[in-house]
Structure formats: structure tokens, C-alpha cells
Amino acid sequence: MGFPSERSLTCVLAVSLVLLTLLPSLAGAASPTACFAPGTPDVLMDRVSAESGLLLAPSAVPAHPASVIPGWTNTATDPPGLVRGEPITLTWSVIPDGVTIQAGPGVGDVESVSDLRAFLDGIYGSEATWLPLIQQALQSWSVYAGVRFVMESNDDLQPIGASSAPGLLGTRADIRIGGHAIDGNNNIVAYAYEPGGGDLVIDTVDSFYTANTSLNSRRLRNTVAHEIGHAIGLLHVWPTDRTKLMEPIVNTTFDGPQFDDVLGSTRNYGDPDEPNDSSANAPDVGVVMDGSADTVWLSLDGSSDEDWFSVVDAPGARLSASASPQGGSYRVSDADCTGESCPLFAAGSQRDLAIEIYASDGSTLLASADSAGLGASESLTNVLLPAGGVFVTVAGDVVDVAQLYDLQVSLVPEPATSLLGPVALVVLAILARRR
Ligand SMILES: [Ca+2]
Ligand SMILES: [Ca+2]
Ligand SMILES: [Ca+2]
Ligand SMILES: [Ca+2]
Ligand SMILES: [Zn+2]
């Protein structure tokens with residue numbers, strides 16, 4: 001099956017999404033974003049790319065990640081007032097067959113009832129086989145971002161879609177997953193509503209799912225993970241070069257969220273250690289004596305984020321720590337650019353990092369490093385530790401963007417060479433007494 005060159009019908013849907021967002025009377029209506037099967041006809045692609053060229057001309061591409069719209073401000077679990085960068089809990093369920101699925105605005109499907117459970121039973125035999133696949137798709141986000149998914153076992157059978165009721169613990173989930181006929185084989189394989197709506201609709205008359213369940217059903221898992229990306233506030237990203245889960249055409253060349261997807265998801269909900277903005281909420285970094293702990297793809301998700309980690313009580317030991325910005329430069333616009341006109345996003349140079357070590361009181365500064373500039377690592381080596389354990393913190397300059405980074409912390413005993421001092425003194429003392 002050939003992989004389509006570039007772009008897709010979703011560009012058009014992106015236009016309607018923007019319009020809906022701008023019109024106050026429609027602002028409350030959640031908008032769906034559709035996603036495409038590999039092999040979507042080039043004729044369709046070509047027609048649509050011509051229409052979308054104006055919207056996505058390089059000069060019109062705002063700073064990345066503009067593909068991240070505001071996330072959930074409350075969920076069934078979290079009270080209103082959530083702000084960007086705070087972790088959230090989302091409940092989810094696969095709705096019972098027979099529940100109404102409203103037509104998706106701009107999608108082209110017709111209101112009908114969900115038959116997703118029967119569809120998946122037909123492929124996998126039973127829920128015991130397909131439910132874990134969906135759970136894996138959800139958890140693939142929780143590995144990297146402050147988004148926790150809890151299955152809601154109740155459902156009150158209200159319709160899902162643009163005017164669905166919000167999640168309510170014990171009654172219905174925040175994200176309700178259903179499926180019905182969308183547009184037949186290929187083209188649209190699923191669509192989802194943005195934060196505040198969150199529902200997800202799968203095309204249950206599409207051979208995309210039935211024809212290939214290889215790689216532990218990566219088609220299904222990556223499609224669900226992609227749609228969940230929409231449900232947590234990620235729009236499509238370009239170019240379609242098979243490097244990002246949130247490209248408009250479903251990828252099976254990798255598994256789950258990739259770098260740019262992780263960056264976007266942490267922008268909205270922080271990394272999995274959030275909220276760790278103070279010594280009181282500092283998770284153990286996991287380093288042991290004579291060991292090293294390397295934590296990858298942490299995120300400074302915005303200007304107010306600082307990340308605190310605790311280190312075990314190891315008086316007299318020496319601690320080294322380094323924070324390294326992650327990510328190279330890559331294109332984030334559509335393909336209608338060549339050479340120098342193609343804007344690059346410098347993922348590794350978003351925030352100028354600083355690293356500090358504090359005593360167990362959380363306020364006595366023991367060591368700090370911030371001499372390296374944007375894009376460079378900061379390191380502290382062989383810091384002598386007092387009793388009571390210490391905290392390592394990573395912060396960035398005040399620019400309100402997200403920076404992914406790796407944190408490495410290692411711990412060694414006081415170097416053996418320092419023992420020569422006391423030993424030599426003892427020898428001298430003995431010699432002195434003999435005189
Ligand atoms: Ca389809
Ligand atoms: Ca963080
Ligand atoms: Ca933090
Ligand atoms: Ca620095
Ligand atoms: Zn999509």
C-alpha cells in the first residue's frame with residue numbers, strides 16, 4: 001500500500017476548526033478532527049492540498065507548537081480551574097453498542113448508533129483481547145505526560161458527539177469511545193473531539209482495521225493513540241514524513257507518541273512527575289550509591305515550571321548531575337516550501353536550562369550551574385553531600401514554551417584517595433611518639 005505524498009483532507013477540517021474557535025456562538029461546540037488511512041487516494045490529496053495551501057503557507061505558520069490548543073480545564077475527576085501544565089485525570093470507556101453517535105461537524109458521517117463492540121469482537125473474538133489494546137494506546141501518553149487514564153465502568157447511554165454531556169464520576173466517562181460507519185474503506189479511519197468534548201469515533205466499516213492486525217494491532221493502537229492526542233489538545237502536525245503520531249495520516253512505522261507528540265502533550269499537562277514544583281512534591285530521582293539514574297524526556301512545560309527531585313541521604317558522598325536539552329531541529333510546516341523558506345523548529349533550544357542542588361531544608365543552596373547558554377547542557381560534578389539528603393532542581397529561563405530534557409544523576413562514595421590523609425597522619429603520629 002503506497003504512502004500518500006503529503007497533506008490530506010484534514011487541512012480543510014483544520015480550517016473549520018479555526019473558524020469554530022473564533023466564533024463565540026460556536027465556541028462551546030467541540031470540534032472533531034479526522035484522521036486518514038495510508039493509501040488515501042492521491043486525487044483527494046491533490047484537490048485538498050490546493051485548497052489548503054493558503055492556510056499553511058510558511059509565512060503563516062506561527063511558532064511551534066501552535067499545534068497544541070488549550071487542554072482540559074476540568075474533568076470528571078479534576079475540579080474547574082486546571083491551568084496549562086497541571087496534570088489531569090481523564091476517565092474513559094468504550095460505550096455500549098446501540099448508543100447514538102451524532103454526525104461529526106464537517107466529517108460527513110450520518111447519525112447512527114455505535115457498533116464498535118461488535119466490530120472489535122468480530123476482529124478479536126472478545127473484549128478480553130481488544131480492551132487491552134485500547135488501554136495500551138491510552139497508557140502510551142501517560143508514559144510521557146501528566147495525563148492519567150482511569151476506566152469508567154458506568155455509562156448512561158447519552159449520545160456522544162458534538163453535544164455530548166460532560167464526564168461525571170460513576171455516570172459517564174470524560175472520553176467515550178464509539179464507532180459507526182464514517183466513509184467506508186480508507187480515507188477517514190477515525191475522528192475525535194477536542195478537550196472539553198473528548199469523544200472518539202472509529203470507522204467500523206473500514207477494512208483498515210480488519211485487514212492488518214500485525215505488530216500487536218499497531219493500526220488500531222496508533223489510531224486510538226492519535227485520536228487521544230486530539231482529545232488532549234493536539235492538532236495535526238506537518239510535514240507527513242512519518243516521524244510524528246499527530247501527522248494527519250496514520251503511521252505504523254513506529255509505536256505510539258514520538259518526540260514532537262510528547263513535547264506537545266507535556267506543554268498542556270507537564271511531564272509524569274508533575275506537580276513537582278517544590279521540595280514538598282519532589283519524587284525520588286532513583287539514584288543509589290555507585291549508581292546513576294538517567295531520566296529521559298522530562299519537560300519544563302512553561303515559564304512557571306521548575307522540577308524538583310530528591311536524592312537519598314548519603315552524607316559524605318559525591319553527587320554529579322546534568323540536565324541536557326533534547327531534540328534537534330525539524331520542519332513543522334506543510335510541504336509547500338523548499339530550501340531556506342522551510343521554517344525549522346529548534347526543539348533543543350527552547351529554554352536555557354539551569355541546575356541547582358539544595359540541602360534537605362529545600363532552601364539552602366549547595367551548588368548551581370547556569371553558565372551554559374541556550375541549547376547546551378548544565379552540569380554539576382562531585383558535589384559533597386551533607387546529611388539529610390538533597391534536592392536537585394532543573395529550571396529554565398522565563399520563556400513560556402516547553403523544553404524536553406534528560407536528567408542524569410550519579411552518586412559515588414567519597415574518593416578513596418581522601419583516606420590517605422588520615423592514614424598518613426596516623427603514621428606521622430606513630431613516628432613522632434617513637435622519637
Ligand atoms: Ca474510512
Ligand atoms: Ca516538569
Ligand atoms: Ca515541575
Ligand atoms: Ca544555562
Ligand atoms: Zn487526526
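Aspartate 400 and arginine 267 join their side chains in a salt bridge, with an N to O distance of 3.2 Å. A salt bridge here is a side-chain nitrogen of Lys or Arg within 4 Å of a carboxyl oxygen of Asp or Glu. Aspartate 400 lies in the loop between β17 (390–396) and β18 (403–412) and arginine 267 in helix α7 (residues 259–269), so the pair ties together parts 133 residues apart in sequence. Helices (H or I, at least four residues) and strands (E, at least two) are DSSP runs, numbered from the N terminus. Aspartate 400 counts as partly exposed at 44% relative accessibility. Arginine 267, at 10%, counts as buried. Buried means under 20% relative accessible area, exposed over 50%, and partly exposed in between (1.4 Å probe, protein chains only).

The model is predicted: local features need pLDDT of at least 70, side-chain atom pairs count only at pLDDT 80 or more, and totals for chains, interfaces and linings use all residues. Residues are numbered from 1 along each chain as its sequence is written, chains are lettered from A and ligands numbered from 1 in the order in which they are written, and side-chain values use heavy atoms, leaving out hydrogens and water.

The structure holds 10 salt bridges. One of them links aspartate 155 to arginine 176 at 2.8 Å, N to O. Aspartate 155 sits in the loop between β5 and β6 and arginine 176 in strand β6, so this pair ties together parts 21 residues apart in sequence. Both residues are buried. Lysine 244 and glutamate 247 form another salt bridge, at 3.2 Å, N to O. Lysine 244 is buried at 2% relative accessibility. Glutamate 247 is buried at 0%. Arg218, Arg221 and Asp255 are linked in a network of salt bridges.

An open sheet is formed by 6 strands in the order β1-β7-β8-β6-β2-β5, with mixed pairing. β1 (32–36) and β5 (147–151) stand at the edges with a single partner strand each, so one side of each has no neighbour in the sheet. Neighbouring strands are turned by 25° against each other on average, direction ignored. Strands pair if DSSP finds at least two bridges between them. β1 pairs with β7 (residues 188–193) in the antiparallel sense over 5 bridges. Alanine 34 has tyrosine 191 in β7 as its bridge partner.

Helix α6 (residues 214–231) lies across β1, β5, β6 (175–180), β7 and β8 (200–203). Contact means heavy atoms within 4.5 Å. The helix runs at about 30° to β7. Axes are lines fitted to C-alpha atoms, for helices over the stretch in contact, and angles run from 0 to 180 degrees between N-to-C directions.
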